[in-house]
Amino acid sequence: MLWPERSVMASLHTYRRGHIFWWRLVHPIADSRKLDIRLSLKTFDRIEASRRGAALTAASRGVIEMLNQYAAERAPTEAELQAIARSAYEKLLSEICQDQRSTPHYAELHSATNLAFADYFSA
């Protein structure tokens with residue numbers, strides 16, 4: 001039986017690598033390729049990692065659509081698609097961190113919203 005905390009972390013595609021948490025998601029691309037995206041969440045705090053992971057998971061649908069559109073218009077290599085996805089997620093992560101740092105009094109709201117979005121978009 002999994003501990004509740006672990007099952008939540010797994011559903012957010014978040015895992016620990018050494019002392020730092022990472023986020024991973026395999027993206028299906030329209031031309032039957034799959035991209036395995038891994039991104040450091042730049043935190044050793046489990047709660048903060050779950051918030052960041054949830055927010056990235058919630059945003060993944062938009063990134064996948066962008067990658068599919070890019071792949072349909074051009075014939076990009078996997079390395080190009082990886083670079084585009086990583087850039088998009090790093091920008092999102094930066095915005096998430098900045099927003100959450102600027103409004104620490106909304107930490108519980110951020111957490112609840114991120115988890116709700118992650119549940120909605122993974123269903």
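In this predicted model, His13 counts as partly exposed because its relative accessibility is 27%, a value that lies between the limits of under 20% for buried and over 50% for exposed. His13 is placed in the loop between helix H1 (4-11) and strand S1 (14-17). Leaving out residues up to four places away in sequence, His13 touches Trp22, Trp23, Arg24, Leu25 and Thr57. His13 and Ser50, although 37 residues apart in sequence, have C-alpha atoms that are 9.0 Å apart in space.

One of the residues touched by His13, Trp23, also belongs to the largest nonpolar core, which has 21 residues and in which Trp23, Leu41, Leu56, Leu67 and Tyr89 touch the most other members.

| Element | Residues |
|---|---|
| Helix H3 | 78-102 |

Helix H3 gives the most to this core, with seven residues. In soluble globular proteins, nonpolar side chains tend to be buried together.

Helix H3 has 25 residues and spans 36 Å from its first C-alpha to its last, which is close to the 36 Å expected at 1.5 Å a residue. Its buried residues are Leu81, Gln82, Ala85, Ala88, Tyr89, Leu93, Ile96, Cys97 and Gln100.

Leu67, when its neighbours within four places in sequence are left aside, is in contact with His27, Ile29, Leu35, Leu81, Ile84 and Ala85, and among these contacts Leu81 and Ala85 are buried residues of H3.

Methods
Residues numbered from 1 in each chain as written. Predicted model: local features only at pLDDT ≥ 70, side-chain atom pairs only at ≥ 80, totals over all residues. Heavy atoms only, no water. Helix = DSSP H or I, 4+ residues; strand = E, 2+ residues; numbered from the N terminus. Expected span 1.5 Å × (residues − 1). Buried < 20%, exposed > 50% of the residue type's maximum accessible area, 1.4 Å probe, protein only. Core = buried A, V, L, I, M, F, W, Y, C linked by side-chain atoms within 4.5 Å. Contact = heavy atoms within 4.5 Å.
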